[in-house]
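Here is a short report on one chain.

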Amino acid sequence: MRFLPDEAFFMTFARGAAVYGDWLLPGPLDKPPLSIYGSALSMVAVGITADADGVLHLDPYIGEFTGMMPNAFLAILLTALMMRLAGRHCRSRWAAQFAGLITATSPYLLAYGASALTDMSLLFWAAAALACALTGRWALAGMALGLAFWSKQQAALFAPLLVMILLARGGGRQDWLRLGLPAFILGAALLLWDGARPGASIFLQAAVNNSPETWLAAPSLWLERLADWLGRGLWLVGPPLVTSVLLMGAAFVSASQMGMGTAGNWALLLYIIGFFGAHVVFQVNLYDRYLLLILPPLILLVAAQLARLPLSGTRAKGLRLGLVALIAAGGLWSLNAGSIIGGDRGTSAGIDALAAHLNSKPVATVIYDPWLGWELSYYLGAWHDKRRVHYPTAAALVTGALALDEVGDRYFVAPIDQPHDDWLAALRAAGFGIAVDYERDRFAVYRLTTPQE
């Protein structure tokens, strides 16, 4: 399966660093560079080849593998990290085993653990910050939080949890300094990097791409947004049935034992509730990957409570083994039957064949591409020799096409499910001849012949 559009966008920057040496990532980037640098270094180490003239190349398929590989390793490390964190926080072997199994089989980790998005890097460093905070290593927690921010700006939403844990543990002035100083230094370093790179700031670009018209969602939409968010949240630690059983089990333990246990557990619970509520009330996109930040605290909380099952002896062991079997079965079901998490991995099916077809056209062929953008750019390759042109409207396309003094055939590219009849009608009305040149999978290419004088 091919890259999602956002994956192709980020991996085009990573390939630019690996092939062209553009390590400052010029262009309309809206994310920090840490995850992209990881993919670029993976491409350099594993994927890059050189021809007889010393020109570097990266095969698109090898680029897919090498771009995803660092995140796959981070997902494996995250599983080990959650086991160690749960074992030390709860002082329980069962808690460690529950945490490891839930992490490894989470549909969210299965979807994003081996992707080329920046979210896995954010998740790993956020979990590392949580692990350090719960064990009182505040300087390392601040450093990990800074690295999470170098992965994605959403790390700022994880900082309140660390503050809550520090307050719950009664941290002193030195602890606050140890937490804040490394995070501040790394944040300042990111600002310096952003200022040094050419083009618009990643923070300004992110604001342009994501700023809502109003900060608060209409109250009439809160219930609908809550239902949508809960529906996605039910996939966090397994398929909805598994998640429901685990959450009910954790709630039963808390009720039967009169509380959550440690103050740290209360901080985890309050953070999860606050995170959910903020995304319901504020006008932000409810992408499923935005829930990744509550995955480590939720797994830790569930594992901690399940390890405290109010039973002993054979019955307790049998119940725990039953829960282990349920979690494992949920993971196998997610792998084989699929889940709703991670986007439609078939969206770009056939874009590699489309790119190969376009690459077969003569040098400097004009390709009009209103929709595919960076995604098609990645699969055309680092050194493609076509002239790709983007116009935002059909009227702008016609104006630009008529102004271009070009006698050769040109091509118009469109996803089949994207309404484009109006675009073709506008070109036809302007005198262009139109014929289907390619139609396969989810894409179509139309050959345009120039109007005759």
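In this predicted model, strand E6 (433-440) runs antiparallel to strand E7 (residues 443-449), joined by 7 bridges. Strands are DSSP E runs of at least two residues, helices H or I runs of at least four, both numbered from the N terminus. Two strands pair if DSSP finds at least two bridges between them. Valine 436 faces tyrosine 446 of E7.

The open sheet has 5 strands, ordered E4-E3-E5-E7-E6, with mixed pairing. E4 (387-389) and E6 are the edges; each has a single partner strand, so one side of each lacks a neighbour in the sheet.

Two nonpolar cores follow. A core joins buried Ala, Val, Leu, Ile, Met, Phe, Trp, Tyr and Cys residues through side-chain atoms within 4.5 Å. Buried means under 20% relative accessible area, with a 1.4 Å probe and protein chains only.

| Core | Residues | Members include |
|---|---|---|
| Largest | 115 residues | Leu29, Leu78, Tyr108, Leu130, Leu246, Leu354 |
| Second, separate | 15 residues | Ala401, Phe412, Phe432, Tyr446 |

Beyond four places in sequence, leucine 354 contacts Leu372, Leu376, Val413, Tyr438, Phe443 and Val445. Contact means heavy atoms within 4.5 Å.

The chain has 19 helices and 7 strands. Of its 453 residues, 49% count as buried. The C-alpha trace spans about 90 × 50 × 45 Å along its principal axes.

Residues are numbered from 1 along each chain as its sequence is written, and side-chain values use heavy atoms, without hydrogens or water. Local features need pLDDT of at least 70 and side-chain atom pairs 80 or more, while totals for chains, interfaces and linings use all residues.

Methods
Buried < 20%, exposed > 50% of the residue type's maximum accessible area, 1.4 Å probe, protein only.
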